[in-house]
Amino acid sequence: MKKIGSIIRLICLFFLSMQTNLLNAQTKTIAQKVDSVLQLMTIEEKVGQLNQYNDDWTATGPVTKDNDKAKQVKEGTVGSLLNCMGAERTRNWQNVAMQSRLKIPLLFGQDVIHGYKTTFPIPLAEAASWDMDAIQLAARIAATEAAASGIHWTFAPMVDIARDPRWGRVMEGAGEDPYLGSMIATARVKGFQGNKLGDLDAVMACAKHFAAYGAAIGGRDYNSVDMSDRLLWEVYLPPFKAAVDAGAATFMNSFNDLNGVPATGNAYLQRTILKGKWNYSGFVVSDWGSIGEMINHGNVKNSYEAALSAITAGSDMDMESRSYKNNLAQLVKENKVPIAFVDDAVKRILQKKFELGLFDDPFRFSNVQRENKVLNDPEHLKIARQVAAKSIVLLKNQNHLLPISKNTKTIAFIGPLVKEVKQNMGFWSIELPDVDYSKFIVTQWQGVQNKISKNSHLLYAKGCDIEGNNKNGFAEAVETAKKADVVIISVGERRDMSGEAKSRSNIHLPGVQEELIKAIQATGKPVVVLINAGRPLIFNWTADHVPAIVYSWWLGTAAGDAIADVLFGDYNPSAKLPISFPREEGQIPVYYSHFNTGRPAHNDSDLNYVSAYTDLSNSPRYAFGYGLSYSNFKYSNLQLSKSKMRSDETIEVSLQISNIGNYAGEETVQLYLRDRVGSIVRPVKELKDFKKLFLNAGETKTIRFMIDQQKLSFYNQQLQWVAEPGDFDLMIGSSSDDIRLKESFELLN
Ligand code: NOJ
């Protein structure tokens, strides 16, 4: 009897302890759960979590062939895969990971830069919308689709400031300005990550490339960066800080060296700034192979030293270089690397795997039914079209040539990009194996065809190729143009001419395209030029002679419809350039927020020992913030609530905007400040706020901005963020070179 009693007691105790364990598991914080997993791990398994491989399927960098990837995953020595897409494929790999001793789930990362199945405009184009809601929504949809395909993590947003259009990756960022760049970084991070990580429509964002990658010398990709701390803090770091504040789950470091220290092995960037001053709790992934590339940089001798340098500097995960995998355990055993560094990196990664809910269900994102449903949501296409229309910049519109009437009798649509399909997707777009893009993408030809009335005739001639000298198609193009009432010419780059490793020393409109434009313009027909590109191009003759120019960048899946919406007036263009367009390559870098210098030129003919080119204007061809509408907006009645403020006060700025044109439309009102005297020289103008607002024809609205100490502050010599008392100029404009209203105020001591 006694025996039975004690057995029952034991069983009760067992269930009680089971219950408490369960309760503990439920009440344990993620940090505690991470600790318990960490305690179970061998050093090899820890290093495994820091190891990321490319799946053999596609590649976005130089591939190292590995025949035993699956074996390594089973051994628990791989923490993440990139370029592994699709519910089925990710499920299969996760199954392999579930055969490992600790069953730690894999993370699947992917460059979902501007859309997954539904391709949105390239990031630089979206930036031109200056529409934070639209940008956030595009990222939201990209995340929803990617997450339904088993992806946990996008390597986006790229928040690198870029002032050199020779650099091919300008297409991937938000342009030249730290304020606009920070706003867009925030919108994109929020869009990708949704309400919270762990939701089935959220993916982890990755702010990249930390840091200053966009300032590569000569605009040559992967090149060195040499920059003052002031410039780094004032211009290049703010979008990264904004990404931290918006909750970006991860960071990626960069290929470049910064002042001689490769970013990947740069402790100042990763430990002092990111994980120190900014108290960042996410993890840092290296760029593709960048840990191993420190050998090429000449900063370390071999991959053993590379691993030592990177982990010491705060790089948590090694993308594809295998330096951690091959050396880190040994480095720990030899006491070269404190285990605390490895543990910290592992904990940061496990934390995210827990937040994503992967320990509860490693397959939760990989569901084929959900994938099918989400990837075929027609709402996504509608939004892609709206975002695309918002990204198109109207550069010139003499005599209101645009919009074109849908009833125009004969329209000629000429040029090498008119009938292209995949070109519209731009660089860094994802091509899924089972999508028929010829049906999915709306070509420019189709878009215009869909738009015009049944009685209109649309004529076509290719004219020439994007590159090369062949003018054989010119005669046919000219004849076609002659038959039309209006001619649209679609020219530009190939989509793979801007992007990673796509730097160019010559950014003029390629090939004989500008000559084709000249030949057609000579017919005397009204000509609209449509320019498709991933970067600012140079097209001076066109800018001077052609009456209407539309810059459409690369607009994605809905390109054709969106272009037609703008050309035929169903959408009134509202985009503004997020980057200055140079007149010639020799002017680069050209950006609006430059210093005045000691010898500023007062105008283009002022050459009297001033800071100027003797053969070229200082001004850009098209300035930052520039972009036309079919309407006109009048700015009036600027008022400041006070003309002097103490540092704890604010000034309210109000003004009126009236739509004095015939079309309803949006205007982006830009607020610039100039600090007249600073202990560190201040730029002639800095964007500090903007508002995009919709106005019906004839409508007037009052808008307000708030000036506070933050907006007046900068990094002083000691890198302290301070506002110095003195006079400030306030400029309200429709573009950085079209200031409509001005005032000044004083910051008091
Ligand atoms: C290299 C690129 O620099 C980076 O942005 C990208 O995320 C990785 N390759 C992975 O494709």
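Modeller: Two strands pair if DSSP finds at least two bridges between them. Helices (H or I, at least four residues) and strands (E, at least two) are themselves DSSP runs, numbered from the N terminus. What you see is a predicted model, where local features need pLDDT of at least 70 and side-chain atom pairs count only at pLDDT 80 or more, while totals for chains, interfaces and linings use all residues. Residues are numbered from 1 along each chain as its sequence is written, and side-chain values use heavy atoms, with hydrogens and water left out.

Biologist: OK, which residue in β22 is the bridge partner of Ser658?

Modeller: That's Thr700. The two strands involved, β19 (residues 651-659) and β22, are antiparallel and share eight bridges. They belong to an open, antiparallel sheet of three strands, ordered β17-β19-β22. Since β17 (633-640) and β22 (700-707) are the edge strands with a single partner each, one side of each has no neighbour in the sheet. On average, neighbouring strands here are turned by 20 degrees against each other, direction ignored.

Biologist: And what is the strand order in the open sheet of five strands?

Modeller: Read it as β18-β26-β25-β20-β21, with mixed pairing. The edges are β18 (644-645) and β21 (686-695); each has a single partner strand, so one side of each lacks a neighbour in the sheet. Inside that order, β25 (residues 726-735) runs antiparallel to β26 (residues 738-747), joined by nine bridges.

Biologist: Now helices. At what angle do the axes of α19 and α23 cross?

Modeller: Axes are lines fitted to C-alpha atoms, for helices over the stretch in contact, and angles run from 0 to 180 degrees between N-to-C directions. Here α19 (residues 444-451) and α23 (residues 559-567) cross at roughly 50 degrees, their axes coming within 7 Å. That makes α19 oblique to α23 (under 35 degrees is roughly parallel, over 145 roughly antiparallel, 65 to 115 roughly perpendicular, the rest oblique). The crossing is right-handed, that is, the near helix is turned clockwise from the far one by less than a right angle.

Biologist: Which residues of α19 and α23 meet?

Modeller: Contact means heavy atoms within 4.5 Å. On the α19 side you have Gln444, Gly447, Val448, Asn450 and Lys451; they meet Gly560, Asp561, Ile563, Ala564 and Asp565 of α23. By class, that contact holds three nonpolar, four polar and three charged residues. (Ala, Val, Leu, Ile, Met, Phe, Trp, Tyr, Cys and Pro are nonpolar; Asp, Glu, Lys and Arg are charged; the others, Gly among them, are polar.)

Biologist: How far apart are the axes of α7 and α8?

Modeller: They're 7 Å apart, with α7 (residues 132-148) packing on α8 (residues 178-193) at about 35 degrees. This crossing is right-handed. Its contact has 10 nonpolar, three polar and three charged residues.
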